Amino acid sequence: MKKIICIVTCLIAGIYSLGYASLGGFHSNSGALSKIGLEHPVLFAIWGLLTVVALTYNIIIGFMKTKYRFYIILLIISIAGMILTICFDFDYNKHTEYVLHCAGSLTFSAVMGITVFLLFLLNKNYMFTVISGAVLITDLILLIIYKETALIELMPILSGYIMLCIHNLKKEKVKIEVK
């Protein structure tokens, strides 16, 4: 059942994310997810909720395979970041709200990305560790060069959905000890 929920949450969140992003266009700065949210605040809140649920559920399932529990604090910080992102407008004319929105967005993105990276690293899934690190670094470089676009913002999220699903669906190796 857990595996089905992993797939379903990521599929729903991924499809919704692509549909939501299409409202503003994938390549232009005006298509940034937060800018779309100024015109469609309810759809933005739904996007944020679906994103947090899909990533959080899959991270919890992934970390259950380890002895580590620090990820809970990271998830709480990341969720708090998304709450700030959703609750405050990306409107520079409302300077305090703008700063809180941006701080929340940065907190969510950075902490969630680090949590996914650590999940793969601690599970010794080195291929996904390298891929997630490369995606995060590439995303940062693209953000610096091109600013925010839906495509750049969604790249690490959609990659996370795919890698988390694959990671959580693979069977665990059984260790047999010979005495």
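A: The model is a predicted one.

Q: Where is Thr115 found, and is Thr115 buried or exposed?

A: Thr115 is found in helix H5, residues 95-122. Its relative accessible area is 1%, under the 20% cut-off, so Thr115 is buried.

Q: How are the axes of H5 and helix H6 arranged?

A: Two packed helices are described by the angle between their axes and the distance between the axes. Here the axes of H5 and H6 (residues 126-146) come within 7 Å and cross at roughly 160°. Angles over 145 degrees count as roughly antiparallel, so H5 is roughly antiparallel to H6. H5 passes H6 in a left-handed crossing.

Q: Which residues of H5 and H6 meet?

A: From H5 come Gly113, Phe117, Phe120 and Leu121; they meet Tyr126, Phe128, Thr129, Ser132, Gly133 and Leu136 of H6. The residues of this contact comprise 6 nonpolar, 4 polar and no charged.

Q: Which residues have the most contacts inside the largest nonpolar core?

A: In soluble globular proteins, nonpolar side chains tend to be buried together. The largest nonpolar core in this model has 29 residues, and those with the most contacts inside it are Leu33, Trp47, Ile59, Phe120, Tyr161 and Leu164. Elements giving two or more residues to this core include H5, helix H3 (41-63) and helix H7 (150-169).

Q: What does Ile59 touch?

A: Apart from residues up to four places away in sequence, Ile59 touches Tyr71, Leu75, Met112, Thr115, Val116, Leu119 and Leu164.

Note on methods:
Residues numbered from 1 in each chain as written. Predicted model: local features only at pLDDT ≥ 70, side-chain atom pairs only at ≥ 80, totals over all residues. Heavy atoms only, no water. Helix = DSSP H or I, 4+ residues; strand = E, 2+ residues; numbered from the N terminus. Buried < 20%, exposed > 50% of the residue type's maximum accessible area, 1.4 Å probe, protein only. Axes fitted to C-alpha atoms, helices over the stretch in contact; angles between N-to-C directions. Parallel < 35°, antiparallel > 145°, perpendicular 65-115°, else oblique. Left-handed = near helix turned anticlockwise from the far one by under 90°. Contact = heavy atoms within 4.5 Å. Nonpolar A, V, L, I, M, F, W, Y, C, P; charged D, E, K, R; others polar. Core = buried A, V, L, I, M, F, W, Y, C linked by side-chain atoms within 4.5 Å.
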